Each structure stands twice: as structure tokens, then as C-alpha cells.
Amino acid sequence: MSSSSLSSSLRCFPPPSPSSPNLKNNDLLIHNFNTPLELKQLHARLIKTNTPLSILPLTKVASVCALSPSFSYAHQIFSHLLETPQTSIWNSCLIRFAEGDSPSHALLLFYQMRLFDVLPDTFTCSFVLKACLKLSDVVNGKIIHGIFQKLGFGSNLFLQNMILNLYGLCGEMGDAILLFEKMPQRDVVTWNIMIAQLVKRGDIDGAYCFFLRMPDKNVRSWTSMISGFVQCGKPKEAIDLFMKLQDEAVRPNEVTVVSVLAACADLGELDLGRSVHEYSTRSGFKRNTHPQAEEIYQFWDKLLVKMKHRGYAPKTSVVLLDMEEKEKEKFLYRHSEKLAVVFGLMTTPEGTTIRIMKNLRVCEDCHAALKLISGIVNREIIVRDRNRFHCFRGGQCSCRDFW
């Protein structure tokens, strides 16, 4: 169908009666087209039966034509049927692509929209930036940043924070800091993004400078810095900051508590560890339950029997909390690296190497346990802790028990 014939057909529909049989006959067809060709066939049928195009589901028209040469065809339909801008229709496709399994399609659609002068709005930009974040695509992110600045969205704090997060995520901290300093306004989210991204890159001093400059801090700000100090091997600074948090009457969350307990373990601060643990119990903090938790624990129990046959004895001395020996053993059995290995054994083919990333130093008990497990299951287990890589193979570790 040519552009001129499409334009003519869009103007020449007499308004039919709502009870017209044509409407009823076409009702079965209007939701069943899945390609641009089927859409054009339906369009021809609507012309033939004198039925208005207004019965077409426009969001489906957009999704069918979004990434095809028929984009212009849908664009013309929308231009004639919609009194308001068609941006919202295309946005419905953008968000589906951005939040689904094909974020790159959101970028392709965005450039299609620009090619046909469909004016983006703030939602358009946010959906496309979300796709860039999922793809870690800083190149297109910078292009989108330039476009929304030209469109006058430069004062939109939500979009600015998304760009800031993208730059940090992709390691462009120079650009992130430059953008941060030029931002006309900032909120606590802005500051938290900078702290979190600097911590991820090991720049704990830079993160702390931003933390000190913050006009207002929330629990996430404090927690990012406390966990950052722990990750960077500064447990004393983490505990000092936790004391200041308490002075400010900020209520810590579960992540704060876990980080402080790790710092206490590193420093041997038994009394503080006890008080933090008691606070955690009083607050009713609970670990999130993995959907396969029961299977993981059952697998661990069977593995534990084999480990004990090879001489495994839990090193309860590493648990600084005030509890019975049996409780300390249970606490050790629930350490994250042990459960991660079990989950890996359950879900990967036999012989596959298991790789684990951990932001804290692996404890002595886990180290001894993983050596035994590597020999029992005949698997290579690679663990990256805060200090180094550990390669467990055949009952031995590459660190030779020095880390």
C-alpha cells in the first residue's frame, strides 16, 4: 500500500453504527495479526468493509512494526489517528524491550523514532537509559545524554542520576565526577551513587570524601561506607563509622549489621560483636530465603557426612558470638561460600569449575572445608576473596594455607 493511498484511506471512513456487523466480524481479527504483512492485510479488510481504523490496538501495531521497515507505516497510522503525540505508544514498546531480554532492541527503536522525528519525552529517555545500564553501554549512554540535554531535560534529576550511575558502572568515573559537579541539584540518591561506585573501584578515600560532603545521609549512605571500609581491609574505620552512626540515631539495616560483624571478626572485637548480634536478634532481622534453600541444606548435610569421614572438624573459634558450640557449628555451616559451592554442585554439570566471588576474607573454617570438598567431588573450586584468589583442587589450595 503506497503512502498516498494510505493517507487517502485514512480520511475516507464514514462513521459506522456501533452495532455494525462489520465491527463484529473484524473483532476476531484485530488482535491476531503478528507481522507487518498481516497488519496490512487487516488494514485492507477494514477499508473494504468500511470499518474505522480507530478499532486497531495501537500498542500492538507499534510492537509489530517497531523494528521493521514498516515503522513508517505505523508512524503514518498514528499521525492520522492520534490527536496527541504518538510518543507514549512507542514508549510502551521501549519499556518492554528495556526491561525484557532484548535491551538492545530499545536502542534500535529509539534511533528509529529519532529518524522519523518522533519527539522523545522524559519517559523515553529513562527507558533507553535503562537499556544502556543493562548492556553497560556507555557509548550510547553518552549519545542519549547529549540528546536529552538538547531537548531541555538537563534539569531532570531522575535522568541525571541514571546517567551518573551508568558512567560509574562503566568505569567512567572522570565523566561521573564532572557530571556530578555540574549538576544544578542533587539528592541523597546522587551522593549514594557516587559513594557506591567509588567503593566498587576500591577508591575508599574518594568515597569517604563524598560521604563527608553529604548534606543529608540515609542508612544506605552509612552502610555503603561501612561495608566499603570492610571490603578495603579497614575494619577499624568501619567500626568507628558504625559508632558515629549510632550517635546520629540512624537505625542500621541488615547489610549494616553483617558488615559490622565482619569487621568485628577481623579485629577480634568480641564484645562489640555480641552487642551487634543481640541488636540483630532484637530487630528481627532474617536472611532472605533462597527458593531452593531446603534442597541446598539437604545436599550440604550429605556432603558434611563425607567431610567428617575425612577428618573435618568445625573451627568454632572463628565465631566470636556468644552462643553454644552446637549453635556455632550451625552458624559456620551457613557461611555463604559453603552454600554457594553446594548450589554450584547442584546446578552445574559434573566436572565444571565452580567460581565464587566474596567481598570479605574467607574464614579458616571455610578454607579447610573447601579444600576437603574439592577432593571429595573431584572439582576445581576458585574463590576470589578480599585478598586473593584461592584455587582449590584435589584437597589442596593454591595459597598453601597462607592468605
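E3 and E4 form a hairpin with two residues between them, and glycine 394 in the turn has a positive phi of about 60 degrees. Helices (H or I, at least four residues) and strands (E, at least two) are taken here as DSSP runs and numbered from the N terminus. The structure is a predicted model, in which local features need pLDDT of at least 70 and side-chain atom pairs count only at pLDDT 80 or more, while totals for chains, interfaces and linings use all residues. Residues are numbered from 1 along each chain as its sequence is written, and side-chain values use heavy atoms, with hydrogens and water left out.

The chain contains 21 helices and four strands. The four strands form an open sheet of mixed pairing, in the order E1-E2-E3-E4; two strands are counted as paired if DSSP finds at least two bridges between them. Strand E1 (354–357) and E4 stand at the edges with a single partner strand each, so one side of each is left without a neighbour in the sheet. E1 and E2 run parallel and are joined by four bridges, and arginine 355 has isoleucine 382 in E2 as its bridge partner. Strand E2 (residues 381–384) and strand E3 (residues 389–393) run antiparallel, also with four bridges. A hairpin of four residues joins E2 to E3. Arginine 384 stands opposite phenylalanine 389 in E3. The pairing of E3 with strand E4 (residues 396–397) is antiparallel and covers two bridges, with cysteine 397 in E4 as the bridge partner of phenylalanine 392.

Arginine 384 also lies over the face of phenylalanine 389, at 5.1 Å from the ring centre. A charge is taken to sit over a ring if NZ of Lys or CZ of Arg is within 6 Å of the ring centre and within 35 degrees of the ring normal. Lysine 217 is placed over the face of phenylalanine 211, at 5.0 Å from the ring centre.

Buried residues make up 44% of the 403 residues in the chain, where buried means under 20% relative accessible area, exposed over 50% and partly exposed in between (1.4 Å probe, protein chains only). The largest nonpolar core has 83 residues, and those with the most contacts inside it are Leu56, Phe78, Trp90, Leu109, Leu164, Ile195 and Met225. A second, separate core has 22 residues, including Ile296, Met307, Leu370 and Phe392. A nonpolar core is defined as a set of buried Ala, Val, Leu, Ile, Met, Phe, Trp, Tyr and Cys residues joined through side-chain atoms within 4.5 Å.

With residues up to four places away in sequence not counted, tryptophan 90 touches Ala62, Ala66, Phe71, Ala74, His75, Phe78, Leu109, Met113 and Val118; contact means heavy atoms within 4.5 Å. Among contacts in the chain between residues at least 6 apart in sequence, 63% join residues at least 24 apart. Leucine 67, in the loop between helix H4 (58–65) and helix H5 (71–81), is partly exposed, with a relative accessible area of 37%. Neighbours within four places in sequence aside, leucine 67 is in contact with Phe97, His105, Leu108, Leu109 and Gln112. The C-alpha atoms of leucine 67 and phenylalanine 110 are 9.9 Å apart, although the two residues are separated by 43 residues in sequence.

A search of the whole structure finds twelve aromatic pairs. Rings of Phe, Tyr and Trp (its six-membered ring) pair if their centres lie within 6.5 Å; planes under 30 degrees apart count as stacked, over 60 as edge-to-face and the rest as tilted. The ring centres of phenylalanine 180 and tryptophan 191 are 4.9 Å apart and the planes are at 80 degrees, so this pair is edge-to-face. Phenylalanine 180 belongs to helix H11 (residues 173–182) and tryptophan 191 to helix H12 (residues 188–200), eleven residues apart. Phenylalanine 180 is buried, with a relative accessible area of 0%, and tryptophan 191 is buried at 6%. Ring pairs also link Phe71, Phe78, Trp90 and Phe116 into a cluster.

With a disulfide defined as a pair of cysteine sulfur atoms within 2.5 Å, the count comes to zero disulfides. For cysteine 93, which is in no disulfide, the nearest cysteine sulfur is that of cysteine 65, 9.3 Å away. Cysteine 93 is buried, with a relative accessible area of 0%. The sulfur of cysteine 170 is 8.6 Å from the closest cysteine sulfur, in cysteine 132, and this is too far for a bond. Cysteine 170 counts as partly exposed, at 22% relative accessibility.
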